[in-house]
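Subject: Model handover and notes

Hello,

My notes come after it.

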Amino acid sequence: YRILLIDDSEISLNFAQAVLEKGGFDVRALCDLGQLETGLGDWVPELILTDVNMPGTSGDELCRNLKGHYDTAHVPVVLFSSLDSEELAVLARDCAADGFLSKRDGLTDLCEQIGSLCRELLW
């Protein structure tokens, strides 16, 4: 699966990218949303995993924008944040995200969780 990972923290971004790539995912990582259109070229993600608390545009705002555009409305968006699960669930519901994962749970099961979400959302 092709995963677009978005996080303003380079440390979190690099760590999550390494974990997902080791798990067999094709991952592109962006720390700057300004690179969203130009940085991907013709590479189209099958799932977008985005942090919530970012400067400028938050992950929930990004999700609303993506879901509101014809070209990206079909791409599942999963919120990935250190917010508690209850708050994250409310944000995900309010912005029409396709799911959420809490960073508080650690990255040990990240590949399994993403794989499960991909199978559920993409097939």
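Conventions. This is a predicted model, so local features need pLDDT of at least 70 and side-chain atom pairs count only at pLDDT 80 or more, while totals for chains, interfaces and linings use all residues. Residues are numbered from 1 along each chain as its sequence is written, and side-chain values use heavy atoms, with hydrogens and water left out.

Cores. A nonpolar core here is a set of buried Ala, Val, Leu, Ile, Met, Phe, Trp, Tyr and Cys residues joined through side-chain atoms within 4.5 Å. Buried means under 20% relative accessible area, exposed over 50%, and partly exposed in between (1.4 Å probe, protein chains only). The largest nonpolar core has 20 residues. Leu-4, Ile-6, Leu-36, Ile-48, Val-52, Leu-79 and Ala-97 touch the most other members. Strand E1 (2-6), helix H3 (59-67), strand E4 (77-81) and helix H4 (85-94) each give two or more residues to this core. Helices (H or I, at least four residues) and strands (E, at least two) are DSSP runs, numbered from the N terminus. Another core, of 18 residues, lies apart from it; Ile-3, Ala-16, Leu-47 and Cys-118 are among its members. In soluble globular proteins, nonpolar side chains tend to be buried together.

Ala-97 is worth a click. Leaving aside neighbours within four places in sequence, Ala-97 is in contact (heavy atoms within 4.5 Å) with Cys-63, Val-77, Leu-79 and Ala-92.

Helix H4. Which residues of H4 are buried? They are Leu-88, Leu-91 and Ala-92. They sit on the same side of H4 because they cover an arc of only 100° around the axis, taken from the directions from the helix axis to the C-beta atoms. Their cover includes H3, E4 and strand E5 (99-102). The face turned away from the buried side carries exposed Glu-86 and Arg-93. At the start of H4, a side-chain oxygen of Asp-84 comes within 3.2 Å of the backbone nitrogen of Glu-86. Just after H4, Ala-96 has a positive phi of about 65°.

E1 and E2. Strand E2 (residues 26-30) pairs with E1 in the parallel sense over five bridges; pairing requires that DSSP finds at least two bridges between the strands. Ile-3 has Val-27 in E2 as its bridge partner. From E1 the chain crosses through helix H1 (residues 10-22) to E2, and this β-α-β crossover is right-handed. That is, with the strands pointing away from the viewer, the path from the first strand over the helix to the second runs clockwise.

Lys-67. This residue is in helix H3. Its side chain joins that of Asp-98 in a polar contact of 2.6 Å. A polar contact is a pair of N or O atoms within 3.5 Å; within protein, one must be able to donate a hydrogen and the other to accept it, and residues adjacent in sequence count only if both atoms are side-chain atoms.

Ser-81 lies in strand E4 and counts as buried because its relative accessibility is 0%. Ser-102 is in strand E5 and is buried too, at 5%. The Ser-102 side chain reaches the backbone oxygen of Leu-83 at 3.4 Å and the backbone nitrogen of Arg-104 at 3.1 Å. Not counting residues up to four places away in sequence, Ser-102 touches Ser-81, Leu-83, Ser-85 and Leu-88.

Best wishes
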